[in-house]
Amino acid sequence: MDSLLSLTPTRPPFHCTRPFTSLTLFAPPPHRKFAQTVKKVSALQNGGLGVALLSSITANAKLRISPFVATLAANPTFVSGLLAWLIAQSVKVLLNFFFDRKWDFRLLFASGGMPSSHSALCTALTTSVAICHGVADSLFPVCLGFSLIVMYDAIGVRRHAGMQAQVLNLIVADLFQGHPMSERKLKELLGHTPSQVFAGALLGFLVACFCCQACVVGA
């Protein structure tokens, strides 16, 4: 026992210039930024621009945002739907400026118009599920049925509701001219024409293919 105690060192085998704490043990290496850059370049080469965009968003989200938002940012299905909706609504603002020569940013949150943002969002979700999970997965028919219902409703019920609102506004303006009731207008731009729905569906398909390149490469 005395021989074992004599072998036990009485001081650390190395000299520390600062206290040794858990923060020192898990301190990031100096080449961490370089490793992240290499990772982004590798993703760009293997999966394309969509993968690099998702990896960049995920890296920034993990550092600055909550884990829940970081998980959503790494989900290609969520990113596809959100990006398709944003692009469709932005195109409405640009087209309105092109034809009417004025900026109306209220269209960013308005329904109706070219292209259909609802169709773009639903088609992007359906396409991304088909690419990442396959058409044999149970999520695909659910998304497909949801998308078909939304697009049928946009062409049928919502469009005719907007046409009825337009007729009612004309009737009220004619019968109650000068009355305060004539100043109240029903919203006329509710639904979409078939061409608007088709344009939105095509936009959603292209956005989903762009964002899900990693799933295509992995397959």
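**Figure 1. The largest nonpolar core of the predicted model.** In this predicted model, the largest nonpolar core consists of 9 residues, namely Val79, Ala84, Ala88, Ala120, Ala124, Leu203, Val207, Ala208 and Cys211. Two or more residues of this core come from each of α6 (76–100), α7 (117–133) and α10. The most is given by α10, which supplies 4 residues. Among the core members is Leu203; leaving aside neighbours within four places in sequence, leucine 203 is in contact with Ala84, Ile87, Ala88, Pro115 and Ala120.

**Figure 2. Helix α7 and its cover.** The residues of α7 that count as buried are Ser117, Ser119, Ala120, Cys122, Thr123, Ala124, Thr126, Thr127, Ser128 and Val129. Their cover includes α6, α8 (139–155) and α10. Just after α7, glycine 134 adopts a positive phi of about 95°.

**Figure 3. Backbone geometry in the loop between α6 and α7.** Most residues other than glycine have a negative phi, and most peptide bonds are trans. Arginine 101, located in the loop between α6 and α7, is not a glycine, yet has a positive phi of about 60°. Arginine 101 counts as exposed because its relative accessibility is 61%, and the cut-off for exposed is over 50%. Proline 115 also has its place in the loop between α6 and α7. The peptide bond leading from methionine 114 to proline 115 is cis, and its omega is near -10°. Pro115 is also one of the contacts of leucine 203.

**Figure 4. The salt bridge between arginine 106 and aspartate 104.** The structure holds 1 salt bridge. Arginine 106 forms a salt bridge with aspartate 104, and the closest N and O atoms are 3.0 Å apart.

**Figure 5. A nonpolar surface patch and phenylalanine 176.** Val167, Leu168, Ile171, Leu175, Phe176, Met181 and Leu186 together make a nonpolar surface patch of about 630 Å². One of these residues, phenylalanine 176, is found in the loop between α9 (157–175) and α10 (194–211). The relative accessible area of phenylalanine 176 is 34%, so this residue is partly exposed; the class covers values between the buried limit of 20% and the exposed limit of 50%.

**Figure 6. The chain as context for the close-up views.** The chain contains 11 helices and 0 strands, and from the N terminus on its elements run α-α-α-α-α-α-α-α-α-α-α. Of its 219 residues, 29% count as buried. Among contacts between residues at least 6 apart in sequence, 65% join residues that are at least 24 apart. The chain exposes about 15,200 Å², of which carbon and sulfur atoms supply 69%.

Notes. Residues are numbered from 1 along each chain as its sequence is written. This is a predicted model: local features need pLDDT of at least 70, side-chain atom pairs count only at pLDDT 80 or more; totals for chains, interfaces and linings use all residues. Side-chain values use heavy atoms; hydrogens and water are left out. Buried means under 20% relative accessible area, exposed over 50%, partly exposed in between (1.4 Å probe, protein chains only). Contact means heavy atoms within 4.5 Å. Accessible areas come from the Shrake-Rupley method with a 1.4 Å probe; for residues, only the protein chains shown count as cover. Patches are made of residues with over 30% relative accessible area and no salt bridge: like charges are joined within 9 Å, nonpolar side chains (Val, Leu, Ile, Met, Phe, Trp, Tyr) within 5 Å. A salt bridge is a side-chain nitrogen of Lys or Arg within 4 Å of a carboxyl oxygen of Asp or Glu. A nonpolar core is a set of buried Ala, Val, Leu, Ile, Met, Phe, Trp, Tyr and Cys residues joined through side-chain atoms within 4.5 Å.
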